[in-house]
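Okay, thanks everyone for coming. Let me put the structure up, and then I'll walk you through some side-chain contacts.

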Amino acid sequence: MSRRALALAFAVLVAACDGGGGSGSDGRAADLGLTGGAGPDGRYYAAPAPAEARHLPTRWPVVLSHAWSRTADGSFQGDRQQTAGEFNPYGVKNALEAEGVAIFQPDKVAYASHERRGRILYKKCAGATIDEILCRGEDPEIVDGIHLATIEYCADPTLRRRHGFDDEAACRRGLRFNIICHSQGCPDSRYMMAAVRNEFSGELMYKHVASWTSMAGANKGTAQADWALEMLAACVTPGCRALALDLAFGIHSLYQNQALITRASESVVALSRHYTLFTTDMECDPRRGETCPPSFNERYPLPEDPDHPVLYQTFTSEIRDIDHPCYQESRLYYEVVKEREGPNDGNISVESQRFTTYGPDGTGGATPVIPRWYDGATDDPAQPHPGLSHMAASSARIPGIDGVSCAGEDNSAFHFSRIELFKSIVGELAAWGY
């Protein structure tokens, strides 16, 4: 099933049925030499300069954490168009590896909660059911994840020597990673850092993370998910389980992951603002004065440990011209999110991506992230770039990518490259010593 077909099927199903980043992050941004005043309201730090002639290999290996509804081969694609409107798979990974960057791109599952995907990001086992994938079956075979990446990296004596590790055991206990995440890949990696223990060191995984970079992260959920649950009347069932989504996404997951995911709608619940910002109990609502369990963001804040500091940064973008032909498929959700949350990239609000506070409307305490902005460019000031859609960092046809024209329009004045964006980010991490 193509992604467009899945989107159309989902539409049919639906039809049928602020605060700042805090002085700590500002101080760290200044220490790193970042330039402020970026973004539409000047509240962001600028994206890194082009990586031309920059040393790209980072001190620590890089992990790419992919989005909802995706698998690894459909995420972080390159700039070279293939047939059927797709781009070359593993384009970002291949381009960075060609520059000498040690990089891993784990294949999680397309549809699961942040908590399950976070555990799978750390360690994935072979199997046809979610329990087997979570390594709960008999005699589990590890096939992916940061756990396996650690084993593979530490098996190389040359790589171990980069860090001064005497042997594989020391490397496995001390290795760190630079995480670059997109969309749901951000909250699932946050869960991993805050709640999953490294099996080699016994420490929480944040102690094995050097930096965390969010690209259009769903860090405060999205009104798109709440709207979908409302349209399907999902919350008349316990836990807001949407059987229609279980069926549609389960079939798509079987196609993508060769695995039977029977509760795929839990991924939509996890992406809702209710779950992320108010309470993980979908049948409780603190806004009605009820006493409810904590929200996802309350349960799993970004770990802050002076003995093991992690660089946290978020990259935010938005669609400025929803009428551009490349963004017509994003119009429905763009309007839903715009009405409920404001400016957005067609799926995730600017506020959710920015993630400078944990709660709604600037409440919930400041996060330690450095908020940054990224965008396309134009040769003609009278014709500004229409902005970047949610999948710009992963796989979408974006005005400015060489040869992209979505309805015969002339995009020659625009410029954008996924490859160069990631090279710039990784080169910057390398320059900072990460």
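One term before we start: when I say buried, I mean under 20% relative accessible area. And keep in mind that this is a predicted model.

So, aromatics. The count here comes to 13 aromatic pairs. Take Trp-212 and Tyr-312: their ring centres are 6.1 Å apart and the planes sit at 70°, so we call this pair edge-to-face. The cut-off for that label is planes over 60 degrees apart. What does the pair link? Distant parts of the chain. Trp-212 is in strand β6, residues 209-215, while Tyr-312 is in strand β7, residues 311-316, and the two are 100 residues apart. Are they buried or exposed? Both Trp-212 and Tyr-312 are buried.

There's also a cluster, where ring pairs join up Tyr-191, Tyr-275, Phe-296 and Tyr-300.

Rings meet charges too. Arg-287 has its charged end over the ring of Phe-278, 3.8 Å from the centre. Then there's Arg-418, which lies over the face of Phe-87, with 4.8 Å to the ring centre.

Have a look at α10, residues 223-231, and α15, residues 331-341: they pack at an angle of about 105°, and their axes are 9 Å apart. That makes α10 roughly perpendicular to α15, because anything from 65 to 115 degrees counts as such. Who's touching whom? On the α10 side we have Ala-223, Gln-224, Asp-226, Trp-227 and Glu-230. They meet a set in α15 including Leu-332, Tyr-333, Val-336 and Arg-340. By class, that contact has six nonpolar, one polar and four charged residues.

Technical notes: Residues numbered from 1 in each chain as written. Predicted model: local features only at pLDDT ≥ 70, side-chain atom pairs only at ≥ 80, totals over all residues. Heavy atoms only, no water. Axes fitted to C-alpha atoms, helices over the stretch in contact; angles between N-to-C directions. Helix = DSSP H or I, 4+ residues; strand = E, 2+ residues; numbered from the N terminus. Parallel < 35°, antiparallel > 145°, perpendicular 65-115°, else oblique. Contact = heavy atoms within 4.5 Å. Nonpolar A, V, L, I, M, F, W, Y, C, P; charged D, E, K, R; others polar. Phe/Tyr/Trp six-rings, centres within 6.5 Å; stacked < 30°, edge-to-face > 60°. Buried < 20%, exposed > 50% of the residue type's maximum accessible area, 1.4 Å probe, protein only. Lys NZ or Arg CZ within 6 Å of the ring centre and 35° of its normal.
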